[in-house]
Amino acid sequence: MKKKVAFYTLGCKLNFSETSTIARSFVDEGFDRVDFAEAADMYVINTCSVTENADKRFKSIVKQAQKKNPDAFVAAVGCYAQLKPEELAAVDGVDLVLGATEKFKITDYINDLSKNDFGEVHSCEIEDADFYVGSYAIGDRTRAFLKVQDGCDYKCTYCTIPLARGISRSDTLENVLKNAAEISAKNIKEIVLTGVNIGDYGKGEFGNKKHQHTFLDLVKALDTVNGIHRLRISSIEPNLLKNETIDFVSKSNSFVPHFHIPLQSGSDAILKLMRRRYLTNLYIDRVAKIREVMPHACIGVDVIVGFPGETEEHFLETYHFLNELDISYLHVFTYSERDNTVAAEMENAVPKNVRAKRSKMLRGLSVKKRRAFYESQLGSTRTVLFESENKEGYINGFTENYVKVKAPWNPELINTLHTVRLTEIDEDGLVRFNFVKTEATV
């Protein structure tokens, strides 16, 4: 009988792409991959350390695995496993904890899958995480997350990612193009580029700081790969999103008009405390440039509330900055103290109830911004890629500029592209449409 292995991923798109690569290594070793809700011989949990909640959720996920099979072998990998391996190893039921470099060799660390009395730890010093492992994830058959870069050389005062993932390093351009071609050969219509700091792409291409390629080179090369209908840039730092890249995306064959650009604060004083590498003026310029060449583009923003020293005036500065900016939605993060970061030692901590209130205000602003963006798109003709899930009798899809649409469930629409005219916003906030062509365009 083949052994069964199941996976659970916490955190970002990058983690999902790496889980997929790790899962394929198990299949190559003769395992059957099953859903995490099923009984398995081994459970692998890919952890995240960005927020407090991700830390807390780990224990409950281990318990879920133990309920399905009390004798199952449980392994923890990922960022939290690198930062606090001993803490994870001490969780009841955990047998193996692997750090940043070891996780991709997980099958080398397992023998007969018999339970350990104590969690076994194999975790490198983060300085040793200086080589690159490429990966991509195939999610719901309609899109894939393609990792192009790992690690970060930035030293933002709130962030543990450099401690968890090491220095900035990149895949070779040749390998990225090979992976993209493999994905397109599987009839997947959309590729989302992912990494820790993808605008830094090129650095570390040869295992050192020398590089011959830039993010713009990567974008131009991917635009020539046959069979890819859509390429989406995930999250890119404003100081690394150059005007040349924005111009190229506006004219490209495959790149869609959608940018997700971390801001973190609309107050220059707080940006300086965070040690971000730009101020609000640069951010305004980036948004203005996108709007100049792609007026219909979707622009998403990351923002952190409750950073140490953020006064009510600082927060209102952020609120008004975002309210006046021509953006489409927000991802709001409530600041949480992380061990071994500069910010955790800062004075003037914001009370948690104040953080929660500010977070709620910005989430409300995000709803307003998304609604306004959707309203601006009504009457326009767009292309929709349909998803694979039946959601209470409806099928969802996304336009190239990230408007979420809905239609009565029709399995024939799955993973097809259709030209539509956006007509109205439904009561759940999603957009209804009429088909411009009845046949799939692909």
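Helices here (H or I, at least four residues) and strands (E, at least two) are DSSP runs, numbered from the N terminus. With that settled, Thr311 lies in the loop between E14 and H11. The model is predicted, so to speak of local features takes a pLDDT of at least 70, side-chain atom pairs count only at pLDDT 80 or more, and totals for chains, interfaces and linings use all residues. Residue numbers start from 1 along each chain as its sequence is written, and side-chain values use heavy atoms, with hydrogens and water left out.

Thr311 is partly exposed, with a relative accessible area of 33%; buried means under 20%, exposed over 50%, and partly exposed in between (1.4 Å probe, protein chains only). The C-alpha atoms of Thr311 and Ala349 are 9.8 Å apart, though 38 residues separate them along the chain.

Next, the aromatic rings. Searching the whole structure turns up 15 aromatic pairs. Rings of Phe, Tyr and Trp (its six-membered ring) pair if their centres lie within 6.5 Å, and planes under 30 degrees apart count as stacked, over 60 as edge-to-face and the rest as tilted. Two of the pairs are set out here.

| Pair | Centre distance | Plane angle | Class |
|---|---|---|---|
| Phe36 and Tyr43 | 5.0 Å | 70° | edge-to-face |
| Tyr158 and Phe307 | 6.3 Å | 85° | edge-to-face |

The Tyr158 and Phe307 pair ties together distant parts of the chain, 149 residues apart. Tyr158 sits in the loop between strand E9 (149-150) and helix H5 (161-165), while Phe307 sits in the loop between strand E14 (298-305) and helix H11 (312-324). Both Tyr158 and Phe307 are buried, and Phe36 and Tyr43 are buried too. Elsewhere, Phe7, Phe26 and Phe31 are linked into a cluster by ring pairs.

Some rings have a charge over them, which here takes NZ of Lys or CZ of Arg within 6 Å of the ring centre and within 35 degrees of the ring normal. Arg24 lies over the face of Tyr136, 4.3 Å from the ring centre. The charged end of Lys406 sits over the ring of Tyr394, at 4.1 Å from its centre.

Tyr136 also turns up around Asn179: leaving aside residues up to four places away in sequence, Asn179 touches Tyr136, Leu146 and Asp171, where contact means heavy atoms within 4.5 Å. Asn179 belongs to helix H6 (residues 173-185), and its 6% relative accessibility makes it buried.

How do H7 and H8 pack? Helix H7 (residues 215-222) and helix H8 (residues 243-251) meet at an angle of about 10°, with axes 10 Å apart. That makes H7 roughly parallel to H8. Axes are lines fitted to C-alpha atoms, for helices over the stretch in contact, and angles run from 0 to 180 degrees between N-to-C directions. Angles under 35 degrees count as roughly parallel, over 145 as roughly antiparallel, 65 to 115 as roughly perpendicular and the rest as oblique. From H7, Phe215, Leu216, Val219 and Lys220 meet Glu244, Thr245 and Phe248 of H8.

Finally, the backbone. Most residues other than glycine have a negative phi. Arg275, not a glycine, has a positive phi of about 60°; Arg275 is in the loop between helix H9 (268-274) and helix H10 (280-293) and is partly exposed, at 48% relative accessible area. Asn348 also has a positive phi, near 60°. Asn348 lies in the loop between strand E15 (329-334) and helix H12 (352-377), and is exposed, with a relative accessible area of 59%.
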